[in-house]
Amino acid sequence: MAGKFSIRLTLSVVGVLVALGGTTTAAAAAAPDDPVSWRVPATPAEAASLAHAGFDVAGTSPGVAYVIGNQAVAGQLRDRGYAPEFFDTVYKGVTTRAAGDTFYGGYRTVPAQEAHLAKVAAAHPELATEYTLGQSWLKTQGNGGHDINAICLTKKQDGDCTLSTKSPKPKFVLMAQIHAREISTGEVAWRWIDYLADGYGSDATATSILDTTEVWVVPISNPDGVDIVASGGNSPKLQRKNADTANGNCGGTNNGIDLNRNSTFRWGADSNSPCAETYQGPEAGSEPEVQALEKLFRSIYPEQRGSGDNDPAPDTARGTMITLHSYGNDIIVPWGFTSDPAPNDAALRKLGAKFSDSNGYLVGTNTETVGYSTSGTTDDFTYGALGVESFTFEMGGQSGSCGGFLPRYSCVDSTFWPKNKGALITAAQSAAAPYQQ
């Protein structure tokens, strides 16, 4: 997740907020151990310092860092000389106990997502092929865990939906929940799968996409982390990383490695602290989840770009990729590891603008959207190593019932899916010639 520069705090977000010595009546009503979002006046350098110190810096705007934590975290910030003020709740008042393999009002667990892929593949054998890409960290340790699963959707002809860089159709990959607590992203991936599989033959757009394009979906990229999130039930745990404790057992939701800092392209400029939310791991590509994802990408996309940072992908390069995150209402284009523009910057922004026509999100680089650099990210890998036109979507606002990491489940169908359906359609339709849009 990343924050956004243009932040608006409205009274409708949390009711009337009356400041009481750095808290509010709304914050005071929360249990002392409940996480909330704190607005912390801070320079960009101070925000980065807080993140490296282990604070959960969820976003920034000019002169402000937004830190997630309970009252004790607010106290730690004050001890460091900062003046945190309550900004928004994390839990959005969900009181309905979800049934079966769901949590927090309806969000699907990992077993539910796994069953969904198997059901779609069984119901639509002419369209769908399910793949096991690899294993989660816990499964590699023989301690539970899951496979990393994907589904490929197309109207199958010879050579389609195979792990081949030479298969005839262009490819669009959508991946979600590499950051486990960004729970709306897996739900949008679920709806995208159903839209295509159920719409083939009845919806002209879905039919056209599957007649011409391979659509690959990885709905849960970090299943161990999602298990931890879901274990909180109606108070989901704010696990961002995977469950790897080999480099330090930090306790609680501080364990693990940030899989979106562990990719092998330009890795190494994020946190070396195992307890930090952006801990990049001991080496590039150390995590089995990242290895599984990169193996998929290399199996279906040829290398289409030179090895230099300034080598552009050719106009004839094929393939699109979107990784779904929350929150910020952003469409982020490479590069993440540097403030220098990518060599295909104009083409990336042009296609990003077409996505924005559907969802209204801000298109820009990390500097222009979240305000900080990132290394070892998925979209830098797919664009940088393979020349695939790649994007990060940050879905949802900073605050309100449909904002933050844990929006109400109803927001998926009221907001996130209708806003992003058109953008995903555009990404699939552009896969044959993304740099010529």
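## The largest cavity

The largest cavity in this predicted model has a volume of about 150 Å³. On a 1 Å grid over the protein atoms alone, a cavity is a set of points where a 1.4 Å probe fits but cannot get out, and lining residues have an atom within 4 Å of a point; grid points are joined across faces, edges and corners, and a volume is the space filled by probe spheres set on the points. By this rule there are 4 cavities of 30 Å³ or more. The largest cavity is lined by 21 residues, of which Asn260, Ile332, Asn366, Thr374 and Thr392 are the closest to its centre.

The lining of this cavity is made up of 8 nonpolar, 8 polar and 5 charged residues, where Ala, Val, Leu, Ile, Met, Phe, Trp, Tyr, Cys and Pro count as nonpolar, Asp, Glu, Lys and Arg as charged, and the others, Gly among them, as polar. At least two lining residues come from each of α13 (378-386) and β16 (389-394); helices (H or I, at least four residues) and strands (E, at least two) are DSSP runs, numbered from the N terminus. Asn366, one of the residues closest to the centre of the cavity, belongs to helix α12 (residues 366-369) and is buried, with a relative accessible area of 6%; here buried means under 20% relative accessible area, exposed over 50%, and partly exposed in between, with a 1.4 Å probe and protein chains only.

## How the model was read

Residues are numbered from 1 along each chain as its sequence is written, and side-chain values use heavy atoms, with hydrogens and water left out. Because the model is predicted, local features need pLDDT of at least 70 and side-chain atom pairs count only at pLDDT 80 or more, while totals for chains, interfaces and linings use all residues.

Two strands pair if DSSP finds at least two bridges between them, and β11 pairs in the parallel sense with strand β12 (residues 214-218) over 5 bridges, with Leu174 having Val217 of β12 as its bridge partner. Strand β13 (residues 320-325) is also parallel to β11 and is joined to it by 5 bridges; in this pairing Ala176 stands opposite Leu324.

In β12, 5 of the 5 residues are buried, so β12 too is largely enclosed by the rest of the structure. Both of its faces are covered, with Glu214, Trp216 and Val218 buried on one side and Val215 and Val217 on the other. Strand β10 (residues 147-153) runs antiparallel to β12, and 3 bridges join these two strands, with Leu153 standing opposite Val215.

## Salt bridges

Side chains of opposite charge can pair when their charged atoms come close. Counting a salt bridge as a side-chain nitrogen of Lys or Arg within 4 Å of a carboxyl oxygen of Asp or Glu, a search of the whole structure finds 14 of them. One is formed by Arg108 and Glu187, whose closest N and O atoms are 2.6 Å apart. This pair links distant parts of the chain, since Arg108 lies in strand β8 (residues 107-108) and Glu187 in helix α7 (residues 184-199), 79 residues apart. Glu187 is buried, with a relative accessible area of 2%, and a network of salt bridges links Arg108, Glu187, Arg191 and Asp413.

Arg266 and Asp309 form another salt bridge, with their closest N and O atoms 2.4 Å apart. Arg266 is partly exposed at 31% relative accessibility, and Asp309 is partly exposed at 27%. A further salt bridge joins the side chains of Arg298 and Glu303 at 3.3 Å, N to O; Arg298 is partly exposed, with a relative accessible area of 40%, whereas Glu303 counts as exposed at 60% relative accessibility.

## Nonpolar cores

A nonpolar core is a set of buried Ala, Val, Leu, Ile, Met, Phe, Trp, Tyr and Cys residues joined through side-chain atoms within 4.5 Å. The largest one has 96 residues, and Phe172, Trp192 and Ile322 are those with the most contacts inside it. Helix α14 (residues 410-429) gives the most to this core, with 9 residues. A second, separate core of 16 residues includes Leu50, Phe55, Tyr82 and Phe86.

Notes. 1 Å grid on protein atoms, 1.4 Å probe; cavity = no way out; pocket = protein on both sides within 12 Å on 5 of 7 lines; lining within 4 Å.
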